[in-house]
Amino acid sequence: MPHAIHAHSAAPEAAVPHWTFDPWIVLPLVAFGLLYGVGRLVLAAKGHKRLWQDIACDAGWLTLAGALMSPLHWLGERLLAFHMVEHEILMAVAAPLLVIGRPVGPLLWALPQAARRAIGRAMRHRLSSRLWALLSAGRNATLLHGIAIWAWHTPALFDAAVDNILLHRLQHLSFFLSAVLFWWSVFRRSDTGSAAWHVFVTMLHTSILGALMALAPHLLYRQDVGAAAAWGLTPLEDQQLAGIIMWVPAGTIYAGAALALIALWIKRAGLAQGASR
């Protein structure tokens with residue numbers, strides 16, 4: 001039988017949209033914000049300027065907090081369509097903004113010197129460097145991100161995450177971390193042509209998944225009939241709307257990124273060709 005989404009913190013009978021203050025979400029966000037702010041003050045005192053990175057990082061932090069704490073999260077507890085919006089913000093908006101913002105430097109400079117040096121040595125260790133190089137390779141990062149998306153959208157795992165709060169947190173974490181890895185490989189690791197290809201592949205397979213949800217003639221996931229009815233939708237229409245959100249708006253973000261990378265690739269190729277003459 002369809003049921004309410006149990007893995008969220010709000011009571012099913014709550015009728016007014018409200019903010020969600022889950023300590024497992026709030027504390028990491030607050031810690032990140034405080035450490036980043038302290039680190040930026042330290043770097044500013046040393047004369048380091050990073051205006052655009054700060055804007056991107058702040059925007060990424062705000063969208064991440066908005067997706068997980070704002071009334072959007074409350075709505076996602078009840079309707080699959082809003083749940084999908086929440087997921088897409090994590091993967092296609094917050095993750096790339098934070099990657100562009102490059103927050104690791106400020107975060108490290110917020111720590112005591114001994115801790116900063118210890119973490120730096122651990123990051124430069126041969127084993128961790130090799131592991132990071134393996135995971136962040138464009139093909140591997142794209143594959144891992146795709147596996148996370150498709151695995152969690154299988155009906156069995158999706159419904160299990162709805163019922164179990166630990167699985168639900170793991171779902172969100174794997175979506176976000178695999179997206180950070182993917183966008184880092186796109187912006188920091190791959191050449192422009194390869195990056196455009198990886199983004200295009202991601203757009204393609206997520207659009208296929210969205211189309212499967214939108215065009216399915218029957219329910220794939222268990223849902224709250226009453227919540228959908230309150231919005232004038234049947235559970236199947238809610239699922240179809242969620243699929244369309246993954247298919248069109250989210251696909252448009254990936255398509256825009258791919259086109260921008262292709263344009264940059266063509267421009268760089270033209271400049272390189274002109275310089276070689």
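Helix α2 and helix α4 cross in a left-handed way. In this predicted model, their axes lie 7 Å apart and pack at an angle of about 160 degrees. Angles over 145 degrees count as roughly antiparallel, so α2 and α4 are roughly antiparallel to each other.

Which residues of α2 and α4 meet? From α2 (residues 51-69) come Gln-53, Ala-56, Cys-57, Ala-59, Gly-60, Trp-61, Thr-63, Leu-64, Ala-67 and Leu-68. Facing them in α4 are Glu-86, Ile-89, Leu-90, Val-93, Ala-94, Leu-97, Leu-98, Ile-100 and Gly-101. Sorted by class, the contact of α2 with α4 has 14 nonpolar residues, four polar and one charged.

Now follow a second pair, α8 and α10. Their axes come within 8 Å and cross at roughly 155 degrees, which makes α8 roughly antiparallel to α10. The crossing of α8 past α10 is left-handed. On the α8 side, the contact includes Gly-138, Ala-141, His-145 and Trp-152; on the α10 side, Gln-171, Phe-175 and Phe-182 are among the residues taking part. This contact of α8 with α10 holds 11 nonpolar and seven polar residues, and no charged ones.

Here are the two pairs in a table:

| Helix pair | Axes | Angle |
|---|---|---|
| α2 and α4 | 7 Å apart | about 160 degrees |
| α8 and α10 | within 8 Å | roughly 155 degrees |

Let's go back to α4 and look at His-87. This residue sits in helix α4 (residues 80-101). Is His-87 buried or exposed? With a relative accessible area of 1%, His-87 is buried. Setting aside neighbours within four places in sequence, His-87 is in contact with His-153, Phe-158, Gln-171, His-172 and Phe-175.

Most residues other than glycine have a negative phi. Arg-102, however, has a positive phi, near 45 degrees. Arg-102 is partly exposed, because its relative accessible area is 48%.

Finally, how far can you trust the picture? The protein chain has a mean pLDDT of 89, and 93% of its residues reach 70 or more. Among the elements of the chain, α8 has the highest mean pLDDT (96) and helix α12 (residues 225-230) the lowest (81). Over residues 1-6, pLDDT stays under 50, and it stays under 50 over residues 8-14 as well. Where pLDDT is low, the predicted coordinates should not be read in detail.

Notes: Residues numbered from 1 in each chain as written. Predicted model: local features only at pLDDT ≥ 70, side-chain atom pairs only at ≥ 80, totals over all residues. Heavy atoms only, no water. Axes fitted to C-alpha atoms, helices over the stretch in contact; angles between N-to-C directions. Helix = DSSP H or I, 4+ residues; strand = E, 2+ residues; numbered from the N terminus. Parallel < 35°, antiparallel > 145°, perpendicular 65-115°, else oblique. Left-handed = near helix turned anticlockwise from the far one by under 90°. Contact = heavy atoms within 4.5 Å. Nonpolar A, V, L, I, M, F, W, Y, C, P; charged D, E, K, R; others polar. pLDDT = per-residue confidence, 0-100. Buried < 20%, exposed > 50% of the residue type's maximum accessible area, 1.4 Å probe, protein only.
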